[in-house]
Amino acid sequence: MYSAATESLIKQAREIKEDELQKFYIRVFKQLHAKDLGGDTVDSLQRLRLILSATKYTREIPSDLVMKLQTILCSSACPEQLHVLSCSILREIFLSVSSLSNLSHDHRTISYVASVVLSQAGNKETVLPLCHHLLKSLESRLSEGQISKHALSILSRIISVYPDILTDDQVNLVSRKMVDWLRYASMQQGASVSSGGFFSAPRTRQPAPLTEVDGVVTGDFFTVLCVGQSYTDDQWMNMYTFSMIRNWLLTYDTDGTSNAETDDRSEVDSSVMSMVSATSSSSRLLPPKERLREKAFEYCQRLIEQSDRKALKKTDTELQKACIVEAVSIMDIICGEDPSYVYRAFPSIKALYGRLNGDLAYTRALLPIAQFYLNHSEMAAVDSEAVFRQLFGHCPAEQFNEPMLAFEFTQFCLLNASTLQTRVTGYRQSFPNLLKFLAWNSPGLISEFVELLPSLVAPDTAIELLHTILDLPCLAAALDLQHRSAFYQTSWDQQGAKVAACLDAFRQPSHRGLFLYILRPEAGTGDTIDRLKMLHEILGDMAEIPRVVRCAQVIPVLLHVYFNTVTQMADQKLMNQLMLVLLERSSLLYNIKTFNAEVQRVFSTHLQTLCKLYPPLIVDQSRELLDFAGSPSNIYSKEDFYTHVVWVIGEYLSVSYDPRCSVELITSFFESLEAVLFEITQVRQSASPPSFSPRLITVLMTTLAKLATRSQDLIPRASLFLSKMRLFARSAPVISCYSEEDTEEIITRAHELINLLKLPNVAQFVLAPAAGVDGPRWHRDTNTSLPQSMRTVSTLLQRHSSLLPT
């Protein structure tokens, strides 16, 4: 955060007393009236700025001081530093912006005044005076070279906040001016003044012609890619206009062409219409909006042509990339507003794609090109499959380590998710590649992928997607090794021998298949790999790398989104596959601190959801559930998930949920769980204290009682076993580990269950109600407690029975 000295200054500013503050206001006011506004005045204004901004509430300063600050703000004679300080101070207080907007401003102060007005404005009426002032400056030829440059950028900020502030006449006015600036800027460099030597007066050099980025003299109209030593005022206006043309078209040209002639033109052959609109004579007859659209289109085509030139400077190369992105985006907007431009645009766009395809330096420029194909390829009858195969197949795999590309790529997918699902066949199969962006850049992209993930879930790839999400930390580790391997030819790495050992394993041919799978570009090569445990061992030393740890932290969030999505579309087959994955992967996860426990907690939550939606899962997967629940080792490695598995067995293994639930199946589960409970509750004085929670014991006891009520031959065995639980709860190892409340809970639960099993019909109603009984909410069952009915019956039995176990 802040340094100690800065913290001290902020504290002083917050704690200044009111009388001291008033004296300080008077001193600042006197300093501002002095003839020489020197360093002391600047220091006082900086301190005033700190005092006003250090508190959450707005302070009130004297009106005469406010007026003086406004005067300084609007004075062209004051130094730039005072303009900046006055602007920042006025932004911190409440003032009447109408009085400020009525003041006369020159080209130096208009930006500062506009900043204050926009920060204080609550509605468009307060901004109208400033807006009218800007429009007048645009009309004035005398100040065109000075104020207009600032006015255009400020006007762009205003319409982004208040798009309806301009009337149709004002929109047409600005559109006409923008046409002139875009198309008719001068073709000579601005006049530059150089000294003619020590004893001679300055002389003006003759204007030189503009050049292209490759040094060739410009032969067409001026654009932002024309190079010169200095620029004229109308050339600067050309650049300002291009910078705001996209926002202007989106704001005021979305209604398309409005006159009847345009409606009739839409029925004319497109090629004839394009030829007519391309001539300058017909262009001059168009309304202002349409003429601006025509000139902007020509401007963008010229930029695409200029971007093919080999730039002499690296900065010009970067400018070419930015201009390609902006030009294609503007052409996309124009074609969306007037489809007749589609046929004129596609030759340029297609040639541009052919030139940029495969060049990693221009990958970001492929996104607006892909957007253009997505929006207009059907109308032009152009095949776009190759474009999206390149986009989703190569870009993420080769440039996953570009943060800006990752963000823009994800935004592109979010913006077009519904269209991509229906029209791009390989979109949903590309999730292994798309998730590389998240693996490398998490958690910066987690919010975007939370929105994007549902569009990637499909019935045919849902299981593979789940495995891929669970293996995302492995993917992050593999990408890290791939990146290191490309830059370090030896196995030495400055982060230590552990990473170097993983890097050597990554380069070994015997492990090539594992890494090829985890780094695969698309789905369809299998749900998971048999040697996943081996991959975890190979990448074991990468588990503490910060990128891998951060990636693991976002997995639980993605899993919740995945399960919430897949359960809405899942059928019986997919439900069974999901159950198998939960059982399998609960013990097959990358060994990262707290990662396994968090994933198992998510599994536990959604295991209940799956069984509630489709209770026959218990019978369908009875063999796998028996193996899982009958293994005491699962208790020690994943107790929470094991507890939920036992609970769903007791809750849904019933003939009321599935007629295939036989007595033999119930008996098998009962005997398996009985053996587990017996093993973990054997009373040995030399035994170590239990490492599991009392909740597991109560859930196991309750599940055994539930199963016994569904096969009443098992009731005596259940009652006998439950009667021994008091001895377990009072044993020395248990007392040393559990609290008094925990041991009493185990004993009380055993007593309640024994009492219920004495009345089998009542026990069946309480412990194993029919599927529809929960309609009126006769009971409330949670993972670790018994139904309310059970406690009521237990109370009644305890009042009238003296047969309670001791």
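Student: What does Thr594 count as, at 47% relative accessibility?

Tutor: Happy to walk you through it. Thr594 counts as partly exposed, because its 47% relative accessibility falls between the two cut-offs: buried is under 20% relative accessible area and exposed is over 50%, using a 1.4 Å probe and protein chains only. Before going on, please note that this is a predicted model, in which local features need pLDDT of at least 70 and side-chain atom pairs count only at pLDDT 80 or more, while totals for chains, interfaces and linings use all residues. Residues are numbered from 1 along each chain as its sequence is written, and side-chain values use heavy atoms, leaving out hydrogens and water.

Thr594 sits in the loop between helix 31 (572–585) and helix 32 (595–613). Helices (H or I, at least four residues) and strands (E, at least two) are DSSP runs, numbered from the N terminus. What draws the eye to Thr594 is its backbone: phi is positive, about 65°, although Thr594 is not a glycine. Most residues other than glycine have a negative phi, and most peptide bonds are trans.

Ala381 counts as exposed, because its relative accessibility is 69%. In the loop between helix 23 (431–441) and helix 24 (446–456) you will find Pro443. The peptide bond that leads from Ser442 into Pro443 is cis, with omega near 0°.

Helix 23 also holds Leu438, which is buried, with a relative accessible area of 0%. Beyond its neighbours within four places in sequence, Leu438 is in contact (heavy atoms within 4.5 Å) with Leu445, Ile446, Phe449, Leu472 and Leu558. Between Leu438 and Thr410 there are 9.4 Å in space, C-alpha to C-alpha, although the two are 28 residues apart in sequence.

Now step back to the whole protein chain. There are 44 helices and 2 strands, and 51% of the 806 residues count as buried. Among contacts between residues at least 6 apart in sequence, 74% join residues at least 24 apart.

Helix 36 shows how such helices meet. Its axis (helix 36 being residues 639–652) comes within 8 Å of the axis of helix 38 (residues 694–710), and the two cross at roughly 20°. Helix 36 is therefore roughly parallel to helix 38, a label for angles under 35 degrees. Axes here are lines fitted to C-alpha atoms over the stretch in contact, and angles run from 0 to 180 degrees between N-to-C directions. The crossing is left-handed, meaning that the near helix is turned anticlockwise from the far one by less than a right angle. Helix 36 contributes residues including Tyr642, Thr643, Val646 and Trp647 to this contact, and helix 38 contributes residues including Arg695, Leu696 and Val699. By class, the contact has 8 nonpolar, 4 polar and 6 charged residues. Ala, Val, Leu, Ile, Met, Phe, Trp, Tyr, Cys and Pro count as nonpolar, Asp, Glu, Lys and Arg as charged, and the others, Gly among them, as polar.

Thr643 counts as buried, because its relative accessibility is 2%. Its contacts, leaving aside neighbours within four places in sequence, are Arg695, Leu696 and Val699.

Helix 36 has another partner, helix 37 (residues 663–680), which packs at an angle of about 145° with the axes 12 Å apart. That crossing is left-handed. Tyr642, Val646 and Ile649 of helix 36 meet Phe669, Leu673 and Val676 of helix 37, giving 6 nonpolar, no polar and no charged residues.

Gln301 counts as buried, because its relative accessibility is 19%. Sequence neighbours within four places aside, Gln301 is in contact with Met331, Arg344 and Ser348.

Note on methods. Parallel < 35°, antiparallel > 145°, perpendicular 65-115°, else oblique.
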